[in-house]
Amino acid sequence: MNQTRREFGKMALAAGAAAASLEAAAKPNSVFGGVQIGAITYSFRALPSSAEETLKYCVELGLSGVELMSNVAESYAGAPGGGRGGVGFPAGGPPPGGAPGQGRPAGGPGGPGGPGMRRQLTPEQQAAMKKAQEELRAWRTSVPMDKYKAFRKMYNDAGVKIYAFKLPPSLTMSDAEYKYIWDVAETLGANHVTMELPTDDKLLERVAAYAELRKLRIAFHTHGQGGASGFDRALNASKYTALNFDVGHYFGVNGESPVPLVEKYHDRIASLHLKDRAAPTAEEKAAAASGARGARGGANMPWGQGGTPLKEVLQSMKKNKYKFPASIEYEYQTPVGSDVLSEIRKCVAYCKQALE
């Protein structure tokens with residue numbers, strides 16, 4: 001034990017370096033071929049969804065980036081009702097089809113009867129919902145950002161970056177609520193807020209103006225709508241509007257490859273959603289083109305069993321060195337004998353293989 005101070009110092013440095021190396025090795029890394037693969041936390045909707053549990057899923061799956069749904073963040077921050085549905089609902093969450101002014105549940109396929117369909121609420125349920133919404137609005141406009149700073153640190157320390165935050169602004173929200181949404185996004189480290197593509201010009205104008213005021217993009221999640229004309233309408237509203245382009249929805253409704261649109265709009269895409277869907281039948285395609293209520297197109301499929309050219313989309317991102325992330329959105333039925341995390345793990349592996 002006659003070590004000199006210099007030798008002891010060298011040993012301490014070596015031990016510290018080894019510990020740092022082990023810590024780095026334990027952190028997830030889902031950048032494949034230069035493409036950031038992540039997931040929208042909606043993918044974990046069938047599982048317990050606290051901030052800690054959601055982070056655990058990401059680390060177990062090797063995902064180093066997420067599009068974070070508001071319920072995960074707001075429950076951690078202490079929102080009344082756990083921030084269910086992004087607007088504050090009684091226990092059980094929002095009615096199928098989403099909340100008034102919010103559209104459908106973020107990323108989801110809508111309730112029974114098709115997109116936008118809502119069950120009739122009793123007067124008591126309506127009163128309870130109104131009260132819950134008022135309580136959540138009051139909380140949002142007064143809560144400090146301390147818990148969101150802690151949330152970001154927890155995820156960053158684990159190696160998971162929050163690149164997008166989903167809490168859809170609506171026309172009925174006050175300016176103070178808009179401020180809250182963008183404040184949370186900035187605090188979490190997100191570089192864009194996501195919402196459904198507006199059909200109301202007034203809503204589009206308002207969110208575009210606020211995004212420009214804050215210099216933080218609003219990115220529109222697309223379903224079957226869009227294509228050049230629909231995208232141009234949204235993107236022309238401001239240089240701070242962008243696309244949260246869902247390539248699976250696009251193919252499932254239109255039956256066309258989304259690759260040309262990814263390449264055309266690459267500089268206005270903030271993030272992609274990845275899912276595999278079957279090609280639409282002629283009848284489904286016609287129904288979607290007509291704007292028929294409930295028209296959904298081809299079914300969600302396990303990856304590789306549908307027709308969405310996911311591999312081609314990913315390879316285009318790699319080839320062209322696009323820097324926007326691609327989010328796995330798990331929506332197909334979990335097979336008997338499997339589970340959600342096992343299926344999402346298959347999606348991660350699919351992306352990795354496509355990008356090797």
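**Labels and their grounds**

Guide: Ser-316 sits in helix α12. Helices are DSSP runs of H or I with at least four residues, strands are E runs of at least two, and both are numbered from the N terminus. This is a predicted model, in which local features need pLDDT of at least 70, side-chain atom pairs count only at pLDDT 80 or more, and totals for chains, interfaces and linings use all residues. Residues are numbered from 1 along each chain as its sequence is written, and side-chain values use heavy atoms, with hydrogens and water left out.

Visitor: Why is Ser-316 called buried?

Guide: Buried means under 20% relative accessible area, exposed over 50%, and partly exposed in between (1.4 Å probe, protein chains only). Ser-316 has a relative accessible area of 5%, so it counts as buried.

Visitor: What does Ser-316 touch, not counting residues up to four places away in sequence?

Guide: Ser-316 touches Val-259, Glu-263 and Tyr-322. A contact means heavy atoms within 4.5 Å.

Visitor: Which residues of α12 are buried?

Guide: Helix α12 spans residues 310-320. Its buried residues are Leu-310, Val-313, Leu-314, Ser-316 and Met-317.

Visitor: Why do the buried residues of α12 line one face of the helix?

Guide: Seen down the axis of α12, they fall within an arc of 155 degrees, so they line one face. The arc is that of the directions from the helix axis to the C-beta atoms. An α-helix has 3.6 residues a turn, so residues three or four places apart point the same way.

Visitor: What follows α12?

Guide: Lys-321 does, and its phi is positive, near 60 degrees. Lys-321 is a residue other than glycine. It is found in the loop between α12 and β11 (326-328).

Visitor: Why is Lys-321 called exposed?

Guide: Lys-321 has a relative accessible area of 64%, so it passes the cut-off for exposed.

Visitor: What is the phi of Lys-215?

Guide: Lys-215 has a positive phi of about 60 degrees, although it is not a glycine. Lys-215 lies in the loop between α7 (201-214) and β6 (217-221). At 53% relative accessibility, Lys-215 therefore counts as exposed.

Visitor: Now to α5 and α6. How do these helices pack?

Guide: Helix α5 (residues 146-158) and helix α6 (residues 175-188) pack at an angle of about 35 degrees, and their axes are 8 Å apart. Axes are lines fitted to C-alpha atoms, for helices over the stretch in contact, and angles run from 0 to 180 degrees between N-to-C directions.

Visitor: Is the crossing of α5 and α6 left-handed or right-handed?

Guide: The crossing is right-handed. A crossing has that label if the near helix is turned clockwise from the far one by less than a right angle, and is left-handed if anticlockwise.

Visitor: Which residues meet there?

Guide: From α5 come Tyr-148, Lys-149, Phe-151 and Arg-152. From α6 come Tyr-180, Val-184, Glu-186, Thr-187 and Leu-188. The residues of this contact divide into five nonpolar, one polar and three charged. Here Ala, Val, Leu, Ile, Met, Phe, Trp, Tyr, Cys and Pro count as nonpolar, Asp, Glu, Lys and Arg as charged, and the others, Gly among them, as polar.

Visitor: What makes Phe-151 count as buried?

Guide: Phe-151 is at 0% relative accessibility, so it counts as buried. Among the residues it touches are Ala-51, Leu-68, Val-72 and Leu-188. The C-alpha atoms of Phe-151 and Thr-187 are separated by 9.1 Å, though the two are 36 residues apart along the chain.

Visitor: Why is Leu-235 called buried?

Guide: Leu-235 lies in helix α8 (residues 227-235). Its relative accessible area is 5%, so the label buried applies. Leu-235 touches Thr-241, Ala-242, Leu-243, Tyr-265 and Arg-268, leaving out residues up to four places away in sequence.

Visitor: Why is Tyr-42 buried?

Guide: Tyr-42 is found in the loop between β2 (35-40) and α2 (51-61). Its relative accessible area is 10%, so Tyr-42 is buried.

Visitor: How many helices and strands does the protein chain have?

Guide: The protein chain has 13 helices and 11 strands. Buried residues make up 49% of its 356 residues.

Visitor: What is the mean pLDDT of the protein chain?

Guide: The mean is 86, and 80% of the residues reach 70 or more. pLDDT is the predictor's confidence in each residue, from 0 to 100. It stays under 50 over residues 18-22, for which the model has zero contacts beyond four places in sequence. pLDDT also stays under 50 over residues 85-117, for which the model has 91 such contacts.
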